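I would ask you to keep the structure in view while I go through several of its local features.

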Amino acid sequence: MQDKPKWHLKEAIAYYHEQGAPRDQQALIALLREVQEEKGGTIPKKSLEKIAESYDIKKSLLKAVIRAVPGLRHEDAPHCLEVCGHKACRKNGAESLLAFLKDTYGAEDGGTSRDGAFFLRVTGCLKHCGKGPVIRWDGKSHTHADEALVRRLVEGDTEERE
């Protein structure tokens, strides 16, 4: 069996620059996905700094891309919590769930929790109307979400409950 070649950020940056990064946002996103995969599931600060320096762009731009692209995670907020903001979910308790997130974790739409555990995003309809409020934690949807479920997810208990 052949060993996987050692991965180097510098080589990845050069490769994606040839593909059009940073002007081509898709090439930039592909680079960020590769970095995340190679670095164990989150994008480290040092990698962001190196990318920003190499491409002569601001770190804040890279962080904005990470926040905007589902599945990308920065080490400062390794999880992403999305709350359905459609009127059906709002009517079924999403508003009170958002108030709980703000009061308990200091998280507001487009921001990170006080402890840096997760990034919060209010989305459009998550396509589970009638089963709201609906949340998505790291890409996995949860219906009939409540404070207890959010606490379990934030604390790392991802086991399904009846």
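I begin with Ala-64, which belongs to helix H4, residues 59–68. Please bear in mind that the model we are looking at is a predicted one. Is Ala-64 buried, partly exposed or exposed? Its relative accessibility is 31%, and Ala-64 therefore counts as partly exposed. Between Ala-64 and Gly-110 there are 46 residues of separation along the chain, yet their C-alpha atoms are 9.7 Å apart.

Let me turn to a pair of helices. Two packed helices are described by the angle between their axes and the distance between the axes. Here the helices are H1, residues 9–18, and H3, residues 45–55; their axes come within 11 Å and cross at roughly 45°. An angle counts as roughly parallel under 35 degrees and as roughly perpendicular from 65 to 115. H1 and H3 are therefore oblique to each other. The handedness of this crossing is right-handed.

Which residues meet where H1 and H3 come together? From H1 we have Leu-9, Ile-13, Tyr-16 and His-17, and from H3 we have Ser-47, Lys-50, Ile-51, Ser-54 and Tyr-55. Sorted by class, this contact consists of five nonpolar residues, three polar ones and one charged one.

Leaving aside residues up to four places away in sequence, Thr-42 touches Gln-36, Arg-73, His-74, Glu-75 and Pro-78.

I move on to the aromatic residues. How many aromatic pairs does a search of the whole structure find? The search finds four. One of them joins Phe-100 and Tyr-105 in an edge-to-face arrangement, with 5.9 Å from centre to centre and 85° between the planes. Phe-100 and Tyr-105 are both buried. Through ring pairs, Phe-100, Tyr-105, Phe-118 and Trp-137 are linked into a cluster.

Now to the loops between strands. The loop between strand S3, residues 118–123, and strand S4, residues 135–137, holds Pro-133. Gly-132 and Pro-133 are joined by a cis peptide bond, whose omega is about 0°. Lys-127 also lies in the loop between S3 and S4. Phi of Lys-127 is near 65°, a positive value in a residue that is not glycine. At 66% relative accessibility, Lys-127 counts as exposed.

Asp-138 is placed in the loop between S4 and S5. Although Asp-138 is not a glycine, its phi is positive, at about 50°. Its relative accessibility of 25% means that Asp-138 counts as partly exposed.

At 37% relative accessibility, Asp-146 counts as partly exposed. Asp-146 and Ile-135 are eleven residues apart in sequence, with 9.3 Å between their C-alpha atoms.

Thank you for your attention.

Notes
Residues are numbered from 1 along each chain as its sequence is written. This is a predicted model: local features need pLDDT of at least 70, side-chain atom pairs count only at pLDDT 80 or more; totals for chains, interfaces and linings use all residues. Side-chain values use heavy atoms; hydrogens and water are left out. Axes are lines fitted to C-alpha atoms, for helices over the stretch in contact, and angles run from 0 to 180 degrees between N-to-C directions. Helices (H or I, at least four residues) and strands (E, at least two) are DSSP runs, numbered from the N terminus. Angles under 35 degrees count as roughly parallel, over 145 as roughly antiparallel, 65 to 115 as roughly perpendicular and the rest as oblique. A crossing is left-handed if the near helix is turned anticlockwise from the far one by less than a right angle, and right-handed if clockwise. Contact means heavy atoms within 4.5 Å. Ala, Val, Leu, Ile, Met, Phe, Trp, Tyr, Cys and Pro count as nonpolar, Asp, Glu, Lys and Arg as charged, and the others, Gly among them, as polar. Rings of Phe, Tyr and Trp (its six-membered ring) pair if their centres lie within 6.5 Å; planes under 30 degrees apart count as stacked, over 60 as edge-to-face and the rest as tilted. Buried means under 20% relative accessible area, exposed over 50%, partly exposed in between (1.4 Å probe, protein chains only).
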